[in-house]
Amino acid sequence: MIQAFITSFKLKNTYRVNTIIYSIREFPFIKNILPNTLYRNKGLKIFGNIISILIEIIGTFLGKILFLLSLIASIFIFYNNFNCDYFIHIFTLLSIGGGLLNTYLFNPTKDKYYALILMNMDARKYTLSNYFYSLLKVLIGYLPFMILLSFFMDLPLYIALLLPIYVVMIKMIVVNFSLYDYKKNKKATNENIPTKIVWIGIIILLALSYGLPYISFIINSYIFTFIFIISLILGIYSFIKIYTFKDYKKMYREILTSPSMNAIKKNNTEIVKENVLKQIEYKDNTTSNKKGFAYLQELFVKRHSKILTKSAKKQTIVLLIILAIAIISIELNSELNNSINKILLTYLPYFVFIMYLLNRGTTITQAMFMNCDHSLLTYRFYRTPSVILGMFKERLKTLISINLLPASIIAIGLPLLLFLTGGTDNYFNYIILFISIIAMSIFFSIHYLVMYYLLQPYTVNTEIKSSTYRVVQALTYFICYYMINLRLPTFYFGLLMTLFCIIYSIIALILAYKLAPKTFKLRI
Amino acid sequence: MKLIIKNLTKSFDTKKVLQNINFTFEKGKIYGLLGRNGAGKTTFFNCLNEDLEVDSGEFYIEDKEKRELDYDDIGYVLSTPNVPEFLTGREFLKFFIDINEDKIKNKKTIDEYFDFMKIDTEDRDKLLKDYSHGMKNKMQMLVNIIANPNILLLDEPLTSFDVVVAEEMKEMLKSIKKDHIIIFSTHIMELALDLCDEIVILNHGTLELIDHTNLNTKQMKNKIIEALKEE
């Protein structure tokens, strides 16, 4: 069994290291320097192995510490003070939820697919050794933090030591139950698609975790000790059952090859592609009387209304409701006036992030690629400069108009709210609010489309291959996110933002017109 | 008209896929491009179609005088057919004809084109997403033929067709060959021998024309196998 574990660990490590080397090679400019033979470079393999071990260590501890920290924080939020009994109570109950959602055994992962289906490893040995390793990681992951808690938070040391063991016992009990269920019904569960009963169980557990202390029912260290003993007995029983279970091979064949599990075999891009393909709607009346580019674009918009126009309309309705609520609140409670007025005059940078979130550029360009350009770019006529620019123009119109619909509600809503909350001495503020929001909306539309045309990041297999595109996407996010923290007078910020949008858009459009005929092609 | 390739070289990292290719393809002939798996047939097509940049060398058309290849000189039919899935067959053709209106000679009606490619009436207004693999391939072939490009690159085009359609396509290719240079890549030697006027082998990154004068089919087959086996 140890041999099976070592083999599977080596296998996992090999593709992890290869993934790391692959990602390093994907950075801009680096690819040209590093040769393909890199995969057999020993030094790099060692480096990859070190990173891989680090990932393993971080994976062991990071999740646990985050969980414990948020648990402690939630205690402060809900009960205003920290009490060890609260901690034991909530941890005891939430661990059951964790056990249900995170079984390891019923999680169809790539590791398992490679080892069991592709490599045909001994299913029982593979499963048991890796399962016990995962439990060991749970134990080791929790122990140091629990001991720390016992020092700093008055948690009794014996409880601190028992809690991680309790988690392991719970996990085994849940798995044993699922195995029993499989034996009885011949249907293996998939932990990533929890059943309704599991969801209801989780909600009840959450309610009990945080609700019971309000009615002074708390699982304290004494009750916990009692629960622990029961879990220990059931856990040991479950351990024997799990250990002696024989049908792992059959079970995993079902889990790893059933249609719903196809996702494992496919990479993310294939799933995205399938989903985008599903978005095509066809009714007999969706035709177009236009010609050429406009014809293609109109049909594209009509056949993708679910992700294009309909979702923009949904956004618009939600924004209208929010605006209505804001207006009613102002009317009902005049005390709000001052603060809202202040927000409108200093929080405009925040709206950069909101406009970023509202813009559907990424989704739309993705659909454009997957359902349209992916195929048409293989035809030479579609790559002639006149066609590329003709389509670009049509798409620009579409993207801008789709995004302007929800944006216009904000653009009209903000000055309206400013007026209703007492107005401003500088009347330009009204205009600036309106114009800057519209400018931002147009800016994002142009930004995404130009990025798409200049970097065309997708390969023939619809994977994103351009790391530059990823970097630009990440930068866009971080810059917009950074804006959240800025407090600047609306007038100046709005003016600057509008100017920036205009200049950026002009430059981007010139670049697109000059370069797109060369850059807009399939990556092979 | 000739397609002339001079010193064409293409490598991926350190692997030289195409090495100094020199070859002349002539109008009126169907060339069967044979090569073993991974020999570089698709890379060769991708280079000609300018999907991949070549490392060195050039290719051009010689038609009275030398000129560079234009966008509409090449039609490229891929082994996996790619069609815009959100359009119907008819809409795809309409869009294509709209865009290329001034380039299409002897323009026919959309239904005439469908008839030419033997696409059934009931399939013409279906979304391409619901077409079978073979039907998509027919559409792809049709769109590439309507514009009447001088050079047709066909990458394993007949493998997805059933025997009847494959036979129809073979006849169709023979009927249009007099005005085109057709380069046809395939693994299937019988198909190449049956359809093609010339057999070209891509081996070790170079193109070699197999001389078939005074050879019967069996001798020709042996010669091809020997050529492909050469290390």
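Biologist: Which residues have the most contacts inside the largest nonpolar core?

Modeller: Those are A:Ile437 and B:Leu153, in a core of 130 residues. Keep in mind that this is a predicted model.

Biologist: Thanks! Which element gives the largest share of this core?

Modeller: Helix H19 of chain A, residues 428–455, with 17 residues.

Biologist: And what does A:Ile437 touch?

Modeller: Setting aside residues up to four places away in sequence, A:Ile437 touches A:Phe351, A:Met355, A:Ala407, A:Ile410, A:Ala411 and A:Leu414.

Biologist: How many residues are in the second core?

Modeller: That separate core has 44 residues, and A:Phe91, A:Ala160, A:Met169 and A:Phe228 are among them.

Biologist: Let's step back to chain A as a whole. How many helices and strands does chain A have?

Modeller: Chain A has 21 helices and zero strands. Along the principal axes, its C-alpha atoms fill a box of roughly 70 × 65 × 50 Å. Of its 524 residues, 31% count as buried.

Biologist: What share of the chain A contacts comes from residues 24 or more positions apart?

Modeller: Such pairs make up 82% of the contacts in chain A with a separation of 6 or more.

Biologist: How do H13(A) and H2(B) pack?

Modeller: H13(A) meets helix H2 of chain B, residues 89–99, at an angle of about 155°, and the axes are 8 Å apart. The two helices are therefore roughly antiparallel to each other. From H13(A), the contact uses A:Gly292, A:Tyr295, A:Leu296 and A:Leu299, while H2(B) supplies B:Glu91, B:Phe95, B:Asp98 and B:Ile99. By class, that gives five nonpolar, one polar and two charged residues.

Biologist: Back inside chain A for a moment. At what angle do H6(A) and H10(A) pack?

Modeller: Helix H6 (residues 123–152) and helix H10 (residues 248–257) of chain A pack at about 80°, again with their axes 8 Å apart. That makes H6(A) roughly perpendicular to H10(A). A:Ala123, A:Arg124 and A:Thr127 of H6(A) make the contact with A:Tyr248, A:Lys249 and A:Tyr252 of H10(A). Those residues divide into three nonpolar, one polar and two charged.

Biologist: I was also looking at A:Thr316. Where does A:Thr316 sit?

Modeller: A:Thr316 is in helix H14 of chain A, residues 309–332.

Biologist: Why is A:Thr316 classed as partly exposed?

Modeller: A:Thr316 has 17 other C-beta atoms within 10 Å, and 20 or more would be needed for buried, 12 or fewer for exposed. Apart from neighbours within four places in sequence, its contacts are A:Leu405, A:Pro406 and A:Ile409.

Biologist: Now chain B. In what order do the four strands of the open sheet come?

Modeller: The order is S2-S1-S4-S5, with antiparallel pairing. Strand S2 (15–26) and strand S5 (65–67) of chain B are the edges, each pairing on one side only. From one strand to the next, the twist averages 20°.

Biologist: How many bridges join S4(B) to S5(B)?

Modeller: Three bridges join strand S4, residues 56–63, to S5(B). B:Ile61 stands opposite B:Arg67 in S5(B).

Biologist: What does helix H1 of chain B touch on that sheet?

Modeller: Helix H1, residues 41–48, touches strand S1 (2–12), S2 and S4 of chain B, and its direction makes about 65° with that of S2(B).

Biologist: Last one: is S3(B) mostly covered or mostly uncovered?

Modeller: Strand S3 of chain B, residues 29–35, is mostly covered, with six of its seven residues buried. Six bridges join S3(B) to strand S8 (residues 181–186) in a parallel pairing, and five join S3(B) to strand S9 (residues 198–203), also parallel.

Technical notes. Residues numbered from 1 in each chain as written. Chains lettered and ligands numbered in written order. Predicted model: local features only at pLDDT ≥ 70, side-chain atom pairs only at ≥ 80, totals over all residues. Axes fitted to C-alpha atoms, helices over the stretch in contact; angles between N-to-C directions. Parallel < 35°, antiparallel > 145°, perpendicular 65-115°, else oblique. Contact = placed C-beta atoms within 7 Å. Nonpolar A, V, L, I, M, F, W, Y, C, P; charged D, E, K, R; others polar. Pairing = 2+ DSSP bridges. Core = buried A, V, L, I, M, F, W, Y, C linked by C-beta atoms within 7 Å.
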